[in-house]
Amino acid sequence: MEIFMTFILPVLIALALGALIAFGLSFLGEKLAVERDARIDEIERHLAGANCGGCGYAGCGAFAEALFKGEAKISQCNPTSAEGKKNIARVLGMSEEKSTRTVAVVHCIGGNRCKNKYSYQGYGDCESCHILAGGNKACPTGCMGLGTCSDVCKYSAISVDKDTACSKVNYKNCTSCGACVAACPSKIIGRIPVEAKVYVACSNTGTGKEVAKVCSVGCIACGKCERNCPTHAIELSNNLAAIDYDKCIGCGKCVEVCPRHCILPFEGV
């Protein structure tokens, strides 16, 4: 009897309490559970399923829920096919969203033609280098060429060119998911329409004198591109050439007159 009271009874009481708590939690879970709308799962099924994070959400599941709640747009997911977007629009009961297909471009061709502030010897990626005084490049928006962009790309669409030590996009592989855009610590990767004929391969907004001191191919805001564009599709904005692709006819005049050769023909897909 003493053994029962000392050892067995406490164990039985603990088991009974555990069972009671488990039942209570189960009961409350059923009562308080928030039902997930089946349309969210259907939306997710029509997404590309890359879980790349380029849309700005943690994954396709989170993005599907944001779409359902009206907090996101279908066009934010570039890897999803046109058919997939059409089906999602149908699920949401809205007209199909029209969006121009884009690809990523690196707005820098400095690489080894841009001076270094110091010799970086640490862990080999741009993000780690950027922690030290904003990176090793004398240009504040110079490509460090240490491959953070290529590390996050699931499609082998971007890599560091060995000759220039600058990142370059393989447009045929690019889905414009945005993973490289988000990962680049210098914020020099952007998107342009696949129909584009030219792009600006520089991101430095310093004065011409400041740029010339640190890079041999950076935009010096001379304005020749702006003055020679027949459709006024290119203009200087904050000391940097900017292209309006709605106006650009692809004549190539800006490429011809740029003394720094930082406006490049776009090879396309």
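How far is the sulfur of C166 from the closest cysteine sulfur, and in which residue does that closest sulfur lie? In this predicted model, the closest cysteine sulfur to that of C166 belongs to C143 and is 3.7 Å away, which is too far for a bond. A disulfide is a covalent bond between the sulfur atoms of two cysteines. The cut-off applied here is a pair of cysteine sulfur atoms within 2.5 Å. C219 was examined in the same way; the closest cysteine sulfur, in C262, is 4.8 Å from the sulfur of C219, and this is again too far for a bond. The count by this rule is 0 disulfides. Both cysteines are assigned to the interior class: C166 is buried at a relative accessible area of 3%, and C219 is buried at 8%.

The chain as a whole comprises 10 helices and 8 strands. Of its 269 residues, 39% are buried. Among contacts with a separation of 6 or more, 59% are between residues 24 or more positions apart.

The packing of helices was examined next. Two packed helices are described by the angle between their axes and the distance between the axes. For helix α2, which spans residues 38-46, and helix α3, which spans residues 60-69, the angle is about 125° and the axes are 9 Å apart. The two helices are therefore oblique to each other, and the crossing of α2 past α3 is right-handed. On the α2 side, the contact is formed by R39, I40, I43 and E44, while α3 contributes C60, G61, A64, E65, L67 and F68. Sorted by class, the residues of this contact are 6 nonpolar, 1 polar and 3 charged.

Helix α4, residues 82-92, is related to both of these helices through its buried residues, which pack against α2 and α3. The buried residues of α4 are G84, K85, N87, I88, A89 and V91. After α4 comes G93, with a positive phi near 70°.

Most residues other than glycine have a negative phi, and most peptide bonds are trans. S156, which is not a glycine, has a positive phi of about 55°. S156 is located in the loop that joins α6 (148-152) and β2 (158-161), and S156 is exposed, with a relative accessible area of 58%. S176 is likewise a residue other than glycine with a positive phi, near 60°. The position of S176 is in the loop between β3 (166-169) and α7 (179-183). In contrast to the exposed S156, S176 is buried, its relative accessible area being 2%.

The relative accessibility of F266 is 7%, so the residue counts as buried. F266 and V105 are separated by 161 residues in sequence, whereas their C-alpha atoms are 9.3 Å apart in space. With neighbours within four places in sequence set aside, the contacts of F266 are with V103, V105, Y171, I192, P193, V194, A196, K197, V198 and Y199.

Technical notes:
Residues numbered from 1 in each chain as written. Predicted model: local features only at pLDDT ≥ 70, side-chain atom pairs only at ≥ 80, totals over all residues. Heavy atoms only, no water. Axes fitted to C-alpha atoms, helices over the stretch in contact; angles between N-to-C directions. Helix = DSSP H or I, 4+ residues; strand = E, 2+ residues; numbered from the N terminus. Parallel < 35°, antiparallel > 145°, perpendicular 65-115°, else oblique. Left-handed = near helix turned anticlockwise from the far one by under 90°. Contact = heavy atoms within 4.5 Å. Nonpolar A, V, L, I, M, F, W, Y, C, P; charged D, E, K, R; others polar. Buried < 20%, exposed > 50% of the residue type's maximum accessible area, 1.4 Å probe, protein only.
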